[in-house]
Amino acid sequence: MAELLTLWHSTGLANFGWEQLLMIVVGCGLVYLAIAKKFEPLLLLPIGFGTLLSNIPVAGIGGPEGLLGMVYSAGVETGIFPLLIFMGVGALTDFGALIARPSTLLLGAAAQFGIFATLLGAVALNFVPGFHFTLQDASAIAIIGGADGPTAIFLASRLAPDLLGAIAVAAYSYMALVPIIQPPIMRVLTTKKERAVVMQQLRPVSRLERIFFPFVVLALCALFLPSAAPLIGMLMFGNLLRESGVVERLSRAAQNEIINIVTIMLGLAVGSRLSADKFLTLETLGILVLGALAFSIGTAAGVLMGKIMYRATKGKVNPLIGAAGVSAVPMAARVVNRVGLDENPHNFLLMHAMGPNVAGVIGSAVAAGVLLALAGS
């Protein structure tokens with residue numbers, strides 16, 4: 001009889017609680033969004049499946065000695081996975097539009113305003129009963145506004161590892177919802193005349209400019225914000241592999257095999273943090289609300305800076321491209337292009353929007369460095 005009881009207590013049926021069942025439903029929901037709705041499938045699919053695995057009772061897959069727990073310890077706690085992804089992003093990114101029109105860097109910078117506004121909002125939530133966010137927690141939550149998943153994971157792993165699962169899910173969910181969240185904000189803040197502005201073709205960018213660009217950005221980072229050097233450094237190294245033209249094999253590896261393998265491992269590792277005891281809290285709801293606020297404010301700030309540039313250039317800059325200042329590359333730029341085409345069928349804004357879009361990648365990394373310097377000290 002004792003043996004039968006021992007066997008019973010080792011089964012999932014005896015150990016499943018409503019919390020685990022609810023998190024399994026959440027995991028299935030993420031998998032559904034990835035497959036059926038194609039919402040950031042490269043990350044939401046492994047995150048969702050990792051959630052399923054980590055909520056199987058007794059198995060301990062997400063624990064310190066489980067497979068996902070060890071992957072998390074090796075790649076996320078150390079910050080290696082997000083940095084390798086940044087290297088791959090750099091190898092995939094063409095900074096030509098930003099080099100051709102450096103003024104769009106202002107749009108990428110303006111879109112980071114949502115990060116710092118949400119930092120204050122997260123701290124203010126402490127006045128609501130049930131919430132207790134430290135400055136480190138608030139900083140990690142605020143970076144969601146940059147719409148940059150690897151940066152959010154990197155900062156959360158440094159400042160608020162207990163909140164990493166909720167922050168990662170919020171960051172990638174809002175990145176996936178860019179086509180839904182951004183257009184209404186863009187239309188409210190701009191006039192039909194502004195949205196219909198056709199911009200002049202960008203100048204050609206020389207190979208020498210492309211090769212020097214990573215060194216210039218890295219030098220500025222080293223001089224003014226060394227805390228952002230890990231992210232900026234790997235981003236620029238990946239881009240140098242691409243633009244040098246002499247290491248095509250390494251560039252292809254960074255763009256394909258390395259980033260694909262790391263994406264799988266990162267997604268599963270993040271999913272291991274979505275266990276019931278860590279995710280089902282009031283703070284998680286606050287993170288989701290603050291993430292949406294951060295993203296919306298960032299989009300609005302980018303568009304408003306676009307309007308300022310529209311006035312300053314006497315109508316030569318379409319303010320819609322400011323919405324691409326969030327670093328959801330290239331989705332935000334595609335959304336800008338679509339909204340522009342809705343107003344004018346001959347208005348192709350994709351390449352113009354790529355300037356602030358890639359500037360947003362740099363901007364979110366810089367913002368992470370600022371928050372790391374302030375809250376991590």
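Predicted model: local features only at pLDDT ≥ 70, side-chain atom pairs only at ≥ 80, totals over all residues.
View 1. Two or more lining residues come from each of helix 7 (96-100), helix 8 (105-110), helix 9 (113-124), helix 15 (207-224) and helix 21. Helix 15 gives the largest share, six residues. By class, the lining of the second largest pocket holds 18 nonpolar and three polar residues, with no charged ones.

**View 2. The largest pocket holds about 810 Å³ of space.** Of the 30 residues that line the largest pocket, L42, V89, L92, V329 and P330 lie nearest its centre. At least two lining residues are supplied by each of helix 4, helix 6, helix 11, helix 12, helix 17, helix 20 (331-343) and helix 21 (350-375). The lining of the largest pocket comprises 18 nonpolar, six polar and six charged residues.

**View 3. Helix 17 bends by about 45° at A254.** With 24 residues (248-271) at 1.5 Å a residue, helix 17 should span 34 Å, and the 33 Å between its end C-alpha atoms agrees with this. A254 is itself one of the buried residues of helix 17, which also include S251, A253, I259 and V262. The cover over these buried residues includes helix 4 (41-54), helix 5 (67-75), helix 6 (80-92), helix 11 (149-159), helix 12 (164-176) and helix 16 (229-244).

**View 4. T284 lies in helix 19 (residues 282-312).** T284 counts as buried because its relative accessibility is 6%, against a cut-off of under 20%. Apart from neighbours within four places in sequence, T284 contacts A166, K278 and F279.

Methods. Residues numbered from 1 in each chain as written. Heavy atoms only, no water. Helix = DSSP H or I, 4+ residues; strand = E, 2+ residues; numbered from the N terminus. Expected span 1.5 Å × (residues − 1). Bend = angle between axes of the 7 residues up to and from the residue. Buried < 20%, exposed > 50% of the residue type's maximum accessible area, 1.4 Å probe, protein only. Contact = heavy atoms within 4.5 Å. 1 Å grid on protein atoms, 1.4 Å probe; cavity = no way out; pocket = protein on both sides within 12 Å on 5 of 7 lines; lining within 4 Å. Points joined across faces, edges and corners; volume = space filled by probe spheres on them. Nonpolar A, V, L, I, M, F, W, Y, C, P; charged D, E, K, R; others polar.
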